[in-house]
Structure formats: structure tokens, C-alpha cells
Amino acid sequence: MEDHPVRVVVLESNCPRYREGDEVIFEGAFINKEKSAALCMVALSAIYPFVYAARRGGSVKAAPVQCPDCEECVRFHIERLD
């Protein structure tokens, strides 16, 4: 099965750990640590299904994905890089 690189970009953030424009780059099942900002486990739980689908060649809607931590809302955009 093919593996596509995926970029996750912070669109909006009320969390002190994320700034607008921060990126996380997935290459296969791994995060490219040299090209990526930090990623917390709560945010990962929100974006994981979409990153996995994009990684495996599925289409991902252009709609933002929101971290479930309501106190520190972060919205992400997910896109395949090929």
C-alpha cells in the first residue's frame, strides 16, 4: 500500500503550545522531527484518522479539524503533499 507525506498546519490557536502556521510533517507512520513543531497527544487524537486516510491515499476534506481540548481550542488543516 502506498504511503503519502502529509502536512498538518495550525490555522488558529488559543493554546500556548501552538502558534498559527506551525506545521507537523508526517512521512509514513513517523513525524519528521526536523521539519515539525511539537504535537501533543490530545491534538494527535483529533487529527489521527484524517492523517491516516490522507497517508494511505484517501481524500481529505478541506474543512479544519479541531482539537477536543475546549479550553485551548486549536484548529488544524490537513493536506497530502503529493
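This is a guided tour of one predicted protein model, stop by stop.

Residues are numbered from 1 along each chain as its sequence is written. Because the model is predicted, local features need pLDDT of at least 70 and side-chain atom pairs count only at pLDDT 80 or more, while totals for chains, interfaces and linings use all residues; side-chain values use heavy atoms, with hydrogens and water left out.

**Stop 1: the whole chain**

Select the protein chain and colour it by secondary structure. Followed from the N terminus, the elements run β-β-β-α-β-β. The radius of gyration is 12 Å, close to the 12 Å that the globule rule gives for 82 residues, so the chain is as compact as a globular protein of that length. This radius is taken over C-alpha atoms, and the rule is 2.2 Å times the number of residues to the power 0.38. The C-alpha atoms fill a box of roughly 40 × 25 × 20 Å along the principal axes.

**Stop 2: the sheet**

Select the five strands next. They form an open sheet in the order β3-β2-β1-β5-β4, with antiparallel pairing; two strands pair if DSSP finds at least two bridges between them. The edge strands are β3 (30-31) and β4 (65-66), each of which pairs on one side only.

Now select β4 together with β5 (residues 74-80). Two bridges join these antiparallel strands. Which residue of β5 is the bridge partner of V65? That partner is F76.

**Stop 3: the helix**

Select α1, residues 41-55. The helix lies across β1 (6-13), β2 (23-27), β4 and β5, and runs at about 15° to β5. Here axes are lines fitted to C-alpha atoms, for helices over the stretch in contact (heavy atoms within 4.5 Å), and angles run from 0 to 180 degrees between N-to-C directions.

Show the side chains of A43, A46, I47, V51, A54 and R55, which are buried, meaning under 20% relative accessible area with a 1.4 Å probe, protein chains only. The buried residues of α1 pack against β1, β2, β4 and β5. In the whole chain, 32% of the 82 residues count as buried.

Stay with I47, where α1 has a kink of about 50°, shortly before the proline P49. The bend is the angle between axes fitted to the seven residues ending there and the seven starting there.

How values were computed. Helices (H or I, at least four residues) and strands (E, at least two) are DSSP runs, numbered from the N terminus. Buried means under 20% relative accessible area, exposed over 50%, partly exposed in between (1.4 Å probe, protein chains only).
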